[in-house]
Amino acid sequence: MTAWTTRADMVARLRRRWDTGELLAGYAEGKPLLPIDIPLRGPSARDIAADLGAAREWARSWRELDSETLRLDYHTVGGRLIGTNELPRRVWIEDWDRLWSLLGVAGKVRRFVALLEQTRAVSPALADWALERPLQALDLAEVWDKILATVLWIDTAAGTNRYLRQIDIPGVDTKFIEQHQRILARLLDRHLSPERIDTAYPTSDFAARYGFRRKPQYVRFRWLDPSSRTAGFAELTVRLDEFVSRPPDADTVVVVENEVTYLALPEIPRTLAIFGGGYALSRLDALTWLGERRIRYWGDIDTHGFAILDRLRASHPHTESVLMDRATLLAHEGQWVSEPTPISTPLHHLTDPESDLYHDLLQDTFGPAVRLEQERIRYSAVVAALRT
């Protein structure tokens, strides 16, 4: 009996089709419903002989639906021994209203149709998107008017050197933009003309892709020469775009990754220290005046440290590494720790000794995932190396 098709089984099968979005999209486009037929598995002659009451109750449950919300086909089951019985064999749903009634989604359907009409009035391209993904659009119905208004506002005002914070729509703020950034990006890619989208930036870089001002990048630096100052300050954090056009009067620039190490660097004449910030040091690519300075990079002796060195040297080939050699590693064996997530990326801008050490780390030549963090190196070795 558990194998007999129930109304819940039928609804579950229809629900799977609803979940594809094809039914809702077809209705919204004004298409007639192609009759949906679902075969029913009911009692066999043996089942009827074993439990006639259960078989009759199953048939009654389906006959109650016949003509009310659907149409049934019947077939004859039984024969000479138990008599013949007309039992439902197939169910047909032949119009949209009956289908929505069975699924209990009539309210959702009305809501989507209203949403689609609202969208068509202002942006046919976005209406096409909603038809392609009707259930996703329906999930956004509560905020759809704000999303639509945001797309239209950006179409009108983006490219005017504004920040996202300057979007001026009731109920829309930067938190709303962040929360719905992914869907806004998809809709903007549909709605905006191609020249309004800077495809050099991914959708995750929302501001740059759609013509807004990006949050400025900053560089933190300090003078190691006690006689040098910038505007009277020994240490400053400045905007990158301003630092590009105001090169410091230094002969050497030392880039380090660890903050405490950066603060504790020894005094060195005509030398500037920059706090690197890991892979974020790619912002130093813009400092073209570094090409006229001696650059010394000091990072951890581990796979990521060499990857960062490789990245810096790709834009500034004359970069020298400091304290990132085999001798330094072996001299501090008691300070080794384990690198949590080593990488194995091919690095093309290392010197031969650096490349050999990098591959030894990859091969666990010294032990599993060996790492020597720069703050664990003896300070006397730091002073000797940097003052060379």
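Contact, as the word is used in these legends, means heavy atoms within 4.5 Å. The views show a predicted model, in which local features need pLDDT of at least 70 and side-chain atom pairs count only at pLDDT 80 or more, while totals for chains, interfaces and linings use all residues. Residues are numbered from 1 along each chain as its sequence is written, and side-chain values use heavy atoms, with hydrogens and water left out.

View 1. T261 lies in helix α14, which spans residues 259-263; helices (H or I, at least four residues) and strands (E, at least two) are DSSP runs, numbered from the N terminus. When residues up to four places away in sequence are not counted, T261 touches W298, Q374 and E375. With a relative accessible area of 10%, T261 is buried, where buried means under 20% relative accessible area, exposed over 50%, and partly exposed in between (1.4 Å probe, protein chains only).

**View 2. Strand β7 and its two partners.** Strand β7 (residues 271-275) is largely enclosed by the rest of the structure, because 5 of its 5 residues are buried. Both faces are covered, with T271, A273 and F275 buried on one side and L272 and I274 buried on the other. Two strands pair if DSSP finds at least two bridges between them. Strand β4 (residues 218-223) is joined to β7 by 3 bridges and runs antiparallel to it, and in this pairing R222 has A273 of β7 as its bridge partner. Strand β6 (residues 252-256) is joined to β7 by 5 bridges and runs parallel to it, with T252 bridged to T271 of β7.

**View 3. Two nonpolar cores.** A nonpolar core is a set of buried Ala, Val, Leu, Ile, Met, Phe, Trp, Tyr and Cys residues joined through side-chain atoms within 4.5 Å. In the largest core, which has 69 residues, M10, L14, W18, L99, F112, I167 and F206 touch the most other members. Helix α9 supplies the largest share of this core, namely 7 residues. A second, separate core of 50 residues includes L287, Y297, I377 and A385. In soluble globular proteins, nonpolar side chains tend to be buried together. L14 is in contact with L23, I36, I38, I93, L99, L102 and L103, leaving aside its neighbours within four places in sequence.

**View 4. Packing of helix α11.** Within helix α11 (residues 181-191), the residues I183, L184, A185, L187, L188 and H191 are buried. The buried residues of α11 pack against α7 (124-132), α8 (134-139), α9 (144-157), α10 (174-179) and α12 (206-209).

**View 5. Q166 in its loop.** Q166 is placed in the loop between α9 and α10, and it is partly exposed, with a relative accessible area of 42%. Although Q166 and F212 are 46 residues apart along the chain, their C-alpha atoms are separated by 9.7 Å.

**View 6. Two loop residues with positive phi.** Most residues other than glycine have a negative phi, and most peptide bonds are trans. R270 is a residue other than glycine with a positive phi, near 50°; R270 is found in the loop between α14 and β7 and is partly exposed, with a relative accessible area of 31%. D364, likewise a residue other than glycine, has a positive phi near 55°. The loop that holds D364 lies between α17 (352-362) and β11 (370-371), and D364 is partly exposed at a relative accessible area of 39%.
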